[in-house]
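Could you show me around this structure, one selection at a time? I have the viewer open and would like to know what to click on next and what I will find there.

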Amino acid sequence: MKILGVSGSLRADSHNTALLRCAARHLPEGVELEVWDGLRGVPPYDEDDDVDPAPQAVAAFRAALAGADAVLFSTPEYNSSIPGQLKNALDWASRPYATNVLRNLPVAVVG
């Protein structure tokens, strides 16, 4: 089983990224957690840019999600919500609505 770990923090010394790395060391045999570190490169969502092929960073995020059996988001709370860069990446991943890579993908959130 492959779990994709996505940190909502861009900080180099992020506690949330450290939490994902710690989780990766404590998984049972046969379960792998890959930390995805491309959040910074995902451009602001713009429907005019949501074409095929997608921007490279978006395509990489979608491919990483499609290749995972589950996703673990580790995110700080900013102003009673998730960080804007994570929300932006989720906007890209949630399209097209009917066939997006998040459909039926188990997700958990920690922070």
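This predicted model holds three salt bridges. Let's visit each of them in turn.

**Stop 1: Lys2 and Glu34.** Select these two residues and show their side chains. They form a salt bridge, and the closest N and O atoms are 2.8 Å apart. Since Lys2 belongs to strand β1 and Glu34 to strand β2, the pair ties together parts that are 32 residues apart in sequence. Glu34 is partly exposed, at a relative accessible area of 30%, and Lys2 also counts as partly exposed, at 23%.

**Stop 2: Asp50 and Arg62.** Here the closest N and O atoms of the salt bridge are 3.3 Å apart. Asp50 sits in the loop between β2 and α2, while Arg62 is in helix α2, so this bridge ties together parts that are 12 residues apart in sequence. Are the two partners buried or exposed? Asp50 is partly exposed, with 24% relative accessibility. Arg62, at 16%, counts as buried, because the cut-off for buried is under 20%.

**Stop 3: Lys87 and Asp91.** The side chains of Lys87 and Asp91 meet in a salt bridge at 2.6 Å, N to O. Both are in helix α3, four residues apart, which means that about one helical turn separates them. Lys87 is partly exposed, with a relative accessible area of 41%.

**Stop 4: strands β1 and β2.** Go back to β1, residues 2-7, and color it together with β2, residues 32-36. The two strands pair in the parallel sense, over five bridges. Strand β1 is mostly covered, with five of its six residues buried.

**Stop 5: the largest nonpolar core.** In soluble globular proteins, nonpolar side chains tend to be buried together. To see this here, select Leu4, Val6, Trp36, Val42, Phe61, Leu65 and Val71: of the 19 residues in the largest nonpolar core, these touch the most other members. Which elements give two or more residues to this core? They are β1, α2 (56-66), β3 and α3 (84-93). Helix α2 gives the most, with five residues.

Now center the view on Phe61. Leaving aside residues up to four places away in sequence, Phe61 touches Val6, Trp36, Ala89 and Ala93. There is also a second, separate core of five residues, including Ile3, Leu20, Leu33 and Leu72.

**Stop 6: helix α1.** Finish with α1, residues 15-25. Which of its residues are buried? Asn16, Thr17 and Leu20 are.

What covers the buried residues of α1? Strands β1, β2, β3 (70-74) and β4 (107-110) are among the elements that do. Before you leave, zoom in on the N-terminal end of the helix. Ser14 caps this end, with a side-chain oxygen 3.0 Å from the backbone nitrogen of Asn16.

Technical notes. Residues are numbered from 1 along each chain as its sequence is written. This is a predicted model: local features need pLDDT of at least 70, side-chain atom pairs count only at pLDDT 80 or more; totals for chains, interfaces and linings use all residues. Side-chain values use heavy atoms; hydrogens and water are left out. Buried means under 20% relative accessible area, exposed over 50%, partly exposed in between (1.4 Å probe, protein chains only). Contact means heavy atoms within 4.5 Å. A polar contact is a pair of N or O atoms within 3.5 Å; within protein, one must be able to donate a hydrogen and the other to accept it, and residues adjacent in sequence count only if both atoms are side-chain atoms. A nonpolar core is a set of buried Ala, Val, Leu, Ile, Met, Phe, Trp, Tyr and Cys residues joined through side-chain atoms within 4.5 Å. A salt bridge is a side-chain nitrogen of Lys or Arg within 4 Å of a carboxyl oxygen of Asp or Glu. Two strands pair if DSSP finds at least two bridges between them.
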